[in-house]
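Hello,

Here is the structure I promised to pass on. Please open it first, then read my notes below.

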Amino acid sequence: SNIPEQTLYLGLIPLTMMAAGIVAFRKRRFSPEHDALFKFFSAGALWMAFLSAPPYIPIGRFKIPTVSYFAVQIAPMFRAYCRFGIWVNFFVACAAATVLAHASGQMTKLRFRALRAALFLLLAFEYWSIPPNFAVSVASPPPVYQWLAQQPGDFIVAEYPMMPYDEAAFYTYPFWQRIHGKRLVNGAPRGNKAAWAYYERVQDLAGPQTVRLLKESGVRYILVHPKMYEEGEIPGPLKRYYPPLIAARTYNGGQVPSNPLLPTPYKIFGRDLVYAL
């Protein structure tokens, strides 16, 4: 479900250094200290990789259970075992560092400094996974949120499309909540039965009871974002990082649901619409 979280990239440079370390280990070139460290970090990387595996590994019609399959039965609060992947990166990095420490004693200072500088540049390039145009400028918030921040009083806002809190598009709302500081209807967790039941009743902007329920709950403004209906659960800049079928999903077919109780916007900021209750 969460592709970035379940993606583990170790890096060609650290893996190449680990391969060099395996060669040095087999030829007994390590000092006793480096030998012990390299074995410890290599074993740690393999063990953490096994812990980060899915609950079972399918082989034909058979399913081989892994540690997470049994662990979740005992400790269900630990739900995302793929997060052990960060420890795989840690142990691989430590094993590569051990190889580098070994190399420092085998080379002249000048050659070692040149190697260290080259590895630093290669690593900086290899781990630069976010393109420059991916950054979101926080210096100039969207006009609708700047306007909302200027409205006096402690009131509630409902933003549409209204989606579950664990979808990527949802995080746009709390991100800009930093700016306007108003309470949001959005973000109900599934574990809170009352909140989730309310969310299900007001999720559809075109619902016959939606406007009434929002008004009774103290909502003063409804913010509607047509662009987000078109983009769906994956924001535009992130779509290329997801499978095409997931990236192509939209909310309500990309169209803003119409509600006769919301005939005319109170304010318009570009494509963003504000309705007053």
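**What I found**

Tyr 9 lies in the segment before helix H1 (12-26). Helices (H or I, at least four residues) and strands (E, at least two) are DSSP runs, numbered from the N terminus. At 43% relative accessibility, Tyr 9 is classed as partly exposed. The cut-offs: buried is under 20% relative accessible area, exposed is over 50%, and partly exposed is in between (1.4 Å probe, protein chains only).

A word on the source: this is a predicted model, where local features need pLDDT of at least 70 and side-chain atom pairs count only at pLDDT 80 or more, while totals for chains, interfaces and linings use all residues. Residues are numbered from 1 along each chain as its sequence is written, and side-chain values use heavy atoms, with hydrogens and water left out.

**The sheet**

Strands of a sheet pair through backbone hydrogen bonds, either parallel or antiparallel. Here, five strands form an open sheet in the order E4-E3-E5-E7-E6, with mixed pairing. Two strands count as paired if DSSP finds at least two bridges between them. Strand E4 (183-184) and strand E6 (267-269) stand at the edges. Each has a single partner strand, so one side of each lacks a neighbour in the sheet.

How many bridges pair E5 and E7? Four, in the antiparallel sense. Ile 222 has Tyr 275 in E7 as its bridge partner. Val 224 has Leu 273 in E7.

E6 and E7 also run antiparallel, joined by three bridges. Lys 267 is the bridge partner of Val 274 in E7. The hairpin of E6 and E7 has two residues between the strands, and Gly 270 takes a positive phi near 65 degrees there. Four of the five residues of E7 are buried, so E7 is largely enclosed by the rest of the structure.

**The cores**

A nonpolar core is a set of buried Ala, Val, Leu, Ile, Met, Phe, Trp, Tyr and Cys residues joined through side-chain atoms within 4.5 Å. The largest one has 38 residues. Tyr 160, Val 185, Leu 214, Ile 222, Leu 223 and Val 224 touch the most other members. Elements that give two or more residues to this core include helix H6 (143-149), strand E3 (156-160), helix H8 (193-202) and strand E7 (272-276). E5 gives the most, with five residues.

Look at Ile 222. Among the residues it touches are Ala 158, Tyr 160, Leu 214, Leu 273 and Tyr 275, not counting residues up to four places away in sequence. Contact here means heavy atoms within 4.5 Å.

A second, separate core has 15 residues, including Phe 30, Phe 38, Phe 41 and Ala 95.

**Two buried residues**

Gln 151 sits in the loop between H6 and E3. Is Gln 151 buried or exposed? Its relative accessible area is 17%, so Gln 151 is buried. Leaving out residues up to four places away in sequence, Gln 151 touches Lys 182 and Tyr 221.

Tyr 199 is in helix H8. Tyr 199 is buried too, with a relative accessible area of 6%. With residues up to four places away in sequence left out, Tyr 199 touches Met 162, Met 163, Pro 164 and Ala 188.

Best wishes
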